[in-house]
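This note sets out points for a colleague reviewing the model below. It is arranged as numbered paragraphs.

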Amino acid sequence: MQWTEQAEAAVKKVPFFVRKKVRARVEKETGDAGKNRVTLADVKATQARYLNIMSSEIKGYQVDACFGQSGCPNRAVAGEALVENIERVMADADLLRFLKSRVQGDLKFHHEFRISIADCPNACSQPQIKDVGILGVASPVFTKIACAACGACRDACKEEAVLLSETGEADAIDFRRCVHCGSCMAACPTGTLTAGKTGYRVMIGGKLGRHPRLAKELPGIHDAQAVVRMIGDFLSFYKSRSTRGQRFAQLLTDADIKAFSEKWAR
Ligand code: SF4
Ligand code: SF4
Ligand code: SF4
């Protein structure tokens, strides 16, 4: 496929990491139109089509989940129902219409309200950089079943939070270190250690972009119903404050995070 000088110059302005892809797309679309020479008009037409597709894919929010549902052995909780319920709350909030009423000009993906759910504290879906991040957790407790002093729980704990006695029995959990990942109880062959409180840690206010910051965690472990109610609360706050389509994370002050912490304390 031949390219005119102007078309070459236009495609060189595309960021280098997507240039090859864009070039291939322009060539395909030009070829599909029965031409063998790419002009500036062909490059612009492809760009316009791409921008149209992009804006039609914007729905006002993004809900991401980790790959836990596909059978990850590290899951602390099974969060399928939670993901579905969050999707429902987000769809009911009609954020696309809300954003269209607030944002001047075209909507972009970066305007969307982002939520990420990870089924364990490994946090593969990056909840720390989302408006709302949710981590599945299981808190260890001791049962009355005798400990076999096998040391499996200590070996499974990456945080060195399982404390053994001099004779090798599991003695206590150091909750200043424990991240409630559930690995120790999964490794315990006797049932001496088991899951106590299970649920979700919730963090808010994470974002990337020009002023990146990590989400801050609200205290406590929350059940799935409470998480859904919290998200409803966050959405009300967001809609009342986002006058120009600013992200939830942009709007939150430390005082707001403190107020949410107190309101949802568990
Ligand atoms: S966050 Fe945990 S459960 Fe989800 S995919 Fe990663 S390791 Fe597996
Ligand atoms: S839940 Fe995880 S972090 Fe806590 S003690 Fe068990 S293995 Fe360690
Ligand atoms: S609590 Fe369970 S895994 Fe830990 S030492 Fe005792 S029997 Fe082994």
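The points below concern aromatic pairs, helix packing and selected residues.

1. The structure under review is a predicted model. Local features are therefore discussed here on the condition that pLDDT is at least 70, and side-chain atom pairs on the condition that pLDDT is 80 or more.

2. Phenylalanine 113 belongs to strand β4 (residues 113–118) and phenylalanine 248 to helix α9 (residues 248–251), so that the pair links distant parts of the chain, 135 residues apart. Both phenylalanine 113 and phenylalanine 248 are buried.

3. The edge-to-face example. Phenylalanine 248 also pairs with phenylalanine 237: the centres of these rings are 5.8 Å apart and their planes lie at 85 degrees, and the pair is therefore edge-to-face. Since phenylalanine 237 is located in helix α8 (residues 224–241) and phenylalanine 248 in helix α9, this pair ties together parts that are eleven residues apart in sequence. Phenylalanine 237 is buried, as is phenylalanine 248.

4. The ring cluster. Which residues do the ring pairs link into a cluster? The members are Phe98, Phe113, Phe234, Phe237, Tyr238, Phe248 and Phe260.

5. A charge over a ring. Arginine 23 is placed over the face of tryptophan 3, and the distance from the ring centre is 4.2 Å.

6. Packing of α5 and α8. The axes of helix α5 (residues 95–102) and α8 come within 11 Å and cross at roughly 20 degrees. Because angles under 35 degrees count as roughly parallel, α5 is roughly parallel to α8. The crossing in which α5 passes α8 is left-handed. On the α5 side, Leu95, Phe98, Leu99 and Arg102 meet Leu235, Tyr238 and Lys239 of α8. Two of the residues named here, Phe98 and Tyr238, also belong to the ring cluster.

7. Packing of α4 and α8. Helix α4 and helix α8 pack with their axes 10 Å apart and at an angle of about 25 degrees; the two are therefore roughly parallel to each other. Here α4 passes α8 in a right-handed crossing. Leu82, Asn85, Ile86, Val89 and Met90 of α4 make the contact with Ala224, Val227, Val228, Ile231 and Leu235 of α8. Leu235 also takes part in the meeting of α8 with α5.

8. Glutamate 87. Apart from its neighbours within four places in sequence, glutamate 87 is in contact with Lys59, Tyr61 and Val63. Glutamate 87 and glutamate 5 are separated by 82 residues in sequence and by 48 Å in space, C-alpha to C-alpha.

9. Valine 137. This residue is situated in strand β5 (residues 132–142). Valine 137 has a relative accessible area of 0% and is therefore buried. Not counting residues up to four places away in sequence, valine 137 touches a set of residues including Ala76, Val77, Pro121, Val179, His180 and Ile221.

10. Serine 125. In the loop between β4 and β5 lies serine 125, which counts as buried because its relative accessibility is 10%. Leaving aside neighbours within four places in sequence, the contacts of serine 125 are Ala65, Cys66, Ser116, Ile117, Ala118 and Lys130.

11. Positive phi values. Most residues other than glycine have a negative phi. Aspartate 94, although not a glycine, has a positive phi of about 50 degrees. Aspartate 94 lies in the loop between α4 and α5 and is partly exposed, with a relative accessible area of 31%. Histidine 180, likewise a residue other than glycine, has a positive phi near 65 degrees. Histidine 180 is placed in the loop between β7 (170–173) and α7 (183–187), and at 16% relative accessibility it counts as buried. Histidine 180 is also one of the residues touched by valine 137.

Notes: Residues are numbered from 1 along each chain as its sequence is written. Chains are lettered from A and ligands numbered from 1 in the order in which they are written. Side-chain values use heavy atoms; hydrogens and water are left out. Helices (H or I, at least four residues) and strands (E, at least two) are DSSP runs, numbered from the N terminus. Buried means under 20% relative accessible area, exposed over 50%, partly exposed in between (1.4 Å probe, protein chains only). Rings of Phe, Tyr and Trp (its six-membered ring) pair if their centres lie within 6.5 Å; planes under 30 degrees apart count as stacked, over 60 as edge-to-face and the rest as tilted. A charge sits over a ring if NZ of Lys or CZ of Arg is within 6 Å of the ring centre and within 35 degrees of the ring normal. Axes are lines fitted to C-alpha atoms, for helices over the stretch in contact, and angles run from 0 to 180 degrees between N-to-C directions. Angles under 35 degrees count as roughly parallel, over 145 as roughly antiparallel, 65 to 115 as roughly perpendicular and the rest as oblique. A crossing is left-handed if the near helix is turned anticlockwise from the far one by less than a right angle, and right-handed if clockwise. Contact means heavy atoms within 4.5 Å.
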